[in-house]
Structure formats: C-alpha cells, structure tokens
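User: I have a model open and want to know what stands behind its labels. Can you take me through them?

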Amino acid sequence: MSGMIATRDAYGETLAELGAENGDVVVLDADLSGSTKTSLFAKKFPGRFFNMGIAEANMVGTAAGLAAAGKVPFLSTFAIFAVGRAWEQVRQSVAYPKANVKVVATHGGVTVGEDGGSHQSVEDVAIMRAVPNMTVIVPADGVETRAAIRAAAATKGPFYIRLGRNKVPTVFPADYAFEIGKGSMLRPGSDLTFVTTGLMTAVALAAAEQLAAEGVSARVVHIGTVKPLDEEILVAAARETGAIVTAEEHSIVGGLGGAVAELLSEKCPVPVKRVGINDRFGTSGKAEELLKYFGLTAENLAATAREVLKAKG
Amino acid sequence: MKERIAVLEEKARNLRIDIVRMLHKSQSGHTGGSLSAIDMIAALYFHTMNHRPEDPAWPDRDRFVLCKGHAAPAQYVALAEAGYFPKEDLMMLRRLGSHLQGHPDSKSTPGVEVCTGSLGQGLSMANGIALGLRLDGRESRVYAIMGDGELQEGQVWEAAMAAAHYRLDNLCALVDANGLQIDGEVGKVMNVESIPDKFRAFGWNVLEIDGHDLGAIVGALDAAAAAKGTPTVIVARTVKGKGVSFFENKASYHGVPPSDEELPRALACLGCFEGFASE
C-alpha cells in the first residue's frame with residue numbers, strides 16, 4: 001500500500017494511454033473535461049475528443065451513435081449528471097441496445113465536498129444497478145481504476161464506472177489482477193466481514209486493524225464490480241464469518257449494501273448492517289469533514305462491527 | 001427520371017398496403033404516422049440509400065435512423081420489401097418472440113441500426129453515427145426521420161446544435177410534419193413552428209417540401225447530399241394517415257390499427273381489392 005491518487009486522475013492518464021493503443025477509442029465530455037480529466041486525452045487526440053457542451057442527454061445519444069459506427073466511446077461528466085440528467089438516455093440509447101458505451105462518471109458521493117448536495121450523487125449506483133445489461137464498477141483506488149478502465153475498453157457492452165474527486169490511498173499492489181465481477185479479499189478474518197466498495201475499502205482496512213487490537217478478527221472483502229455481484233466470495237464470507245458490515249460512499253438504499261442484503265437473504269442469511277448515507281442528501285463541507293459527518297469512518301465501521309457481532313450472538 | 005418516380009410511387013402504394021395489412025393483423029401499432037412517413041422511407045430505401053440487404057453490416061452502407069420509432073411498421077415493410085427478412089415476418093409484428101418489436105430494436109431486426117422509440121433521442125444517435133463515419137473517412141450518409149411532435153423534446157435541439165457545431169454534412173434529418181400528435185394538433189398541444197426558421201437559426205441547411213411528392217423528396221435528398229459544411233433538414237409537410245381517406249388528418253388514428261370492418265375499405269383506398277377473409 002503506497003501513495004495517494006484520485007481515481008479521476010488515474011482515469012485520465014489511462015484514457016490517454018488507451019488512445020495511443022486503440023484508434024477506435026473516442027471520448028466525449030460535457031464541459032467538465034478539466035474536472036473529469038478527459039482533458040488529458042483531448043490534448044493528445046483532439047480529433048477523437050468531442051466536447052458536447054452542457055448537454056448531457058445529447059452526449060449520451062451521440063456516444064451510442066459512435067458505438068453503432070464501431071467506435072469505443074468513453075463519456076464523462078459528474079455522476080449526478082451522467083446518471084441523473086441523462087438516465088433515460090443511458091437506458092434507451094445505451095443499455096437497451098447493449099451499446100458499447102463506457103459511462104465513466106467522476107465526482108461520485110459526498111466527497112465532492114463544498115459544491116453541496118445538488119452535486120453529490122448518493123443514488124447513482126442504485127440507479128445504474130437496476131438497469132439490465134449494465135456492468136457497474138466502483139474502484140477502490142488508482143490501481144483498480146486503471147485496470148477497470150482497460151477491462152471496460154476490452155469488453156463489449158455498456159459500463160458504468162464511478163470515480164471520485166479526491167485523492168485516496170492505494171490499497172492494491174501494482175500487479176493486481178482485476179477481473180470484472182470478481183471481489184477481492186484484502187484481509188483474512190473469521191469473526192465478521194466488511195464488504196466494501198470505492199474509497200470505503202481503505203477505511204474498512206483501518207477499521208479491521210482497530211478491531212484486531214481488541215481481539216476481533218475482521219475480514220475485508222472489496223467489491224469492485226457491484227454488478228454483476230461476486231456471489232461466491234460473499235456467500236463464503238457469510239458462511240465462514242457469520243456477520244457482515246457493508247460500507248459505501250452512497251445511499252444505503254439500493255447500492256452495495258442493498259445488493260449484498262438481497263443476495264445473502266436468499267443464499268445465506270446472516271446478520272447484515274449497512275453503513276452509508278442514511279437515505280438523505282449530501283451537504284456542503286470539506287470532503288474529510290463530510291466523511292465524518294456521515295459516519296464513513298473507521299471508528300463508525302468498528303462500532304458497527306461490534307453491534308453486528310452482538311446480533312450474531 | 002419520370003419513370004423512376006412512377007416506380008417509387010407504385011412502391012410506396014404497395015408499402016402502404018403492407019402497413020395496413022400488418023397493423024390489421026397485429027391489432028396494435030401506429031397507423032397514422034407510418035402512413036405519413038412511408039413516401040420518404042420508400043425514396044430512401046429504394047432510390048437514395050446505398051445498402052445491401054444481404055449484408056446489413058456492410059461498413060459503407062448509408063444509415064437510417066427512425067427517430068419517430070412508433071412508425072416502425074413503415075420501416076419494417078421497407079426492410080421486408082428490400083429483402084432484409086421474409087415478408088411473412090410482418091404478420092408477427094409486436095408478438096411475443098417476434099424480431100419485429102413494437103419500436104425499432106437493433107438487437108432483433110436486421111437492418112435496424114439503433115434502438116429508438118423514446119422520442120428525442122434518435123437525432124443524437126444519428127449525429128454519433130455521422131461522426132463515427134467521418135472519423136473512418138467513409139462516404140456513407142446518415143438519414144434520420146423525426147416527427148414534428150417529437151421536436152418538442154429538448155434533446156432534439158441539443159442534437160441540432162451539435163450537428164451544426166460539428167458541421168455534419170453527411171447527416172440529413174427529415175421532419176415528418178404531419179401536424180398531429182396523440183393529444184391533437186401539434187400547434188395546439190405545444191406549437192413547434194416555425195420549424196424551418198428554428199433549424200435555420202441553429203445553423204442548418206433547410207429544405208421544405210411536400211412529403212408525399214416523391215419527385216420533391218428525391219430532389220431534396222439529392223440537394224442535401226450536395227450541401228457542404230452544414231447538416232440538412234428536410235421539413236416534409238405530410239398528412240397523417242395519408243392514402244386511406246378515413247384515416248387522414250385524424251389524431252385518433254395515431255396509435256389505432258385498422259379494424260376488421262375497416263380493412264377492406266382501407267385497402268380499397270389504396271387500390272387493393274383482394275379479399276382477406278382467410279386472415
């Protein structure tokens with residue numbers, strides 16, 4: 001574990017590499033290329049970059065058309081606009097025809113910070129997860145982001161990849177072998193399992209460390225691909241540790257926590273507690289303050305783990 | 001050329017007969033807007049567009065996007081007539097397991113390029129196809145038929161802005177301006193006129209024609225291909241339900257198929273007097 005990088009930076013750099021490797025890769029943005037980091041691609045490959053202006057619906061449809069013409073379009077804007085403003089375009093023009101479009105949204109979750117609740121998407125993963133044909137990925141760090149972007153480029157079909165604004169700790173080794181639909185056990189444990197996605201994976205690793213000092217053995221399973229879900233690693237975690245705490249920088253409704261609860265209630269019912277945004281909108285503040293405000297901390301994860309252990313009995 | 005137009009007119013008449021039969025059989029689907037668009041579709045598939053029904057994925061084909069996807073029957077009869085699939089398939093429209101979905105579906109139907117039907121999204125996809133063709137240096141052109149009611153969707157104007165910005169002269173949009181939508185007259189539900197002025201203001205080359213005059217349609221499509229540096233829109237003034245007198249100009253036939261009683265009368269309007277008792 002070393003270094004800090006924002007997943008959006010890793011995205012921009014990887015896109016620029018892909019541009020050199022694959023002449024069919026094209027990129028669209030809606031006036032946020034400096035923030036989403038697609039500007040790195042735009043500088044190198046201006047002929048294959050399309051700024052669509054502040055018009056997300058048309059951007060999504062244009063990407064679908066480019067895919068129909070054989071291109072591999074990546075489109076980027078903030079998560080709230082990609083999924084919110086252009087939801088039906090993503091459904092009709094991308095997911096329904098299984099178009100080869102990669103929706104890579106940055107500024108997911110509350111760590112958008114000062115811009116406040118209007119710009120903090122807390123429901124995008126739930127919304128994209130509900131759409132048939134859609135693969136949903138929330139990388140934990142820069143290493144996984146690079147791998148996920150490359151996997152998406154190499155795999156036909158629609159993808160939703162949710163990235164963040166701020167620097168996050170690197171949790172994966174440089175040689176991490178990412179596989180779509182596969183979770184990763186980052187720490188073994190036998191008393192309970194933290195099931196996490198995005199930046200909460202690093203937080204869960206810290207929580208597991210705290211619990212270890214108390215003699216509690218917490219497993220950490222990172223779910224990079226929220227859909228399709230890695231059922232095997234989750235059912236094994238439930239069976240072997242008997243209690244689950246999910247954690248995500250997203251509403252507890254319908255995201256990773258919802259997906260895990262749906263799965264385990266059918267396949268291996270054990271006590272599950274969900275840590276996330278408790279069905280409310282975000283608010284202005286600094287990213288670090290907001291993570292604390294919403295309980296997205298190692299301390300709260302450890303406290304929730306103690307509760308779920310009581311429920312486990 | 002006169003003979004060519006006469007052939008197209010006869011083609012369009014036969015396609016209208018196919019539409020009426022198909023919709024009568026399915027007892028579900030959009031009659032009025034299919035009949036208003038069919039002359040343009042006949043001109044595109046049987047005169048203007050380069051395409052290979054035996055090879056729907058031919059990379060150099062011209063592309064057709066039916067933005068007003070509810071007129072799918074009009075595209076389906078043209079595809080069947082051209083040979084993309086057997087004509088018998090038309091009788092399976094909208095049935096479970098049929099490749100002819102209620103609205104155009106690129107996953108199911110040979111010759112359909114994208115999924116349309118949710119209004120306002122087709123022109124954006126046509127733009128994307130046009131950009132992709134240009135990136136590949138292909139001469140292929142893209143044709144997109146919209147409804148006039150569809151122009152009420154804001155995304156159409158986002159796409160209109162972008163097509164002019166990117167100077168997509170390989171794109172030709174056609175507006176099937178039949179003046180009616182589900183709830184009544186377009187001008188009363190939500191006025192979209194002046195359609196030509198709006199597109200001119202967005203930087204398009206604008207042509208206005210009678211959308212049932214095949215000579216005018218073919219001439220406008222040729223003029224669109226000759227225009228350089230801007231996309232072209234052909235604003236085609238049409239009659240909803242055209243060709244079947246008792247369907248014409250009636251919003252009530254937007255999504256209503258011909259009944260058993262109406263079928264022989266509708267076919268008679270189209271010069272078809274064969275019996276269909278066996279259906």
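Analyst: Start with contact: it means heavy atoms within 4.5 Å. Note too that this is a predicted model.

User: How many residues of chain A and chain B are in contact?
Analyst: By that cut-off, 25 residues of chain A touch 24 residues of chain B.

User: What makes the D136(B) and K71(A) pair a salt bridge?
Analyst: The rule asks for a Lys or Arg side-chain nitrogen within 4 Å of an Asp or Glu carboxyl oxygen. For D136(B) and K71(A) the N to O distance is 2.5 Å. That is within 4 Å, so the pair is called a salt bridge. The rule finds 1 salt bridge across the interface of chain A and chain B. Polar contacts there come to 11 residue pairs, both residues at pLDDT 80 or more.

User: Which element gives the most to the side of chain A that touches chain B?
Analyst: Helix 4 of chain A does, with 9 residues. By class, that side of chain A has 11 nonpolar, 9 polar and 5 charged residues.

User: What is the area buried between chain A and chain B?
Analyst: About 1900 Å², with carbon and sulfur atoms giving 58% of it. The figure is called buried because it is accessible area that the two parts lose on being put together, summed over both.

User: Why does K37(A) count as touching R8(A), D9(A) and G12(A)?
Analyst: K37(A) is listed as touching these residues, leaving aside residues up to four places away in sequence. Contact requires heavy atoms within 4.5 Å, so each of these pairs meets that cut-off. K37(A) lies in the loop between helix 2 (33-36) and helix 3 (39-44) of chain A. The C-alpha atoms of K37(A) and Y11(A) are separated by 7.1 Å, although the residues are 26 apart along the chain.

Definitions and conventions
Residues numbered from 1 in each chain as written. Chains lettered and ligands numbered in written order. Predicted model: local features only at pLDDT ≥ 70, side-chain atom pairs only at ≥ 80, totals over all residues. Heavy atoms only, no water. Buried area = accessible area lost by both parts, 1.4 Å probe. Polar contact = N/O pair within 3.5 Å; in protein donor to acceptor, adjacent residues only side chain to side chain. Helix = DSSP H or I, 4+ residues; strand = E, 2+ residues; numbered from the N terminus. Nonpolar A, V, L, I, M, F, W, Y, C, P; charged D, E, K, R; others polar.
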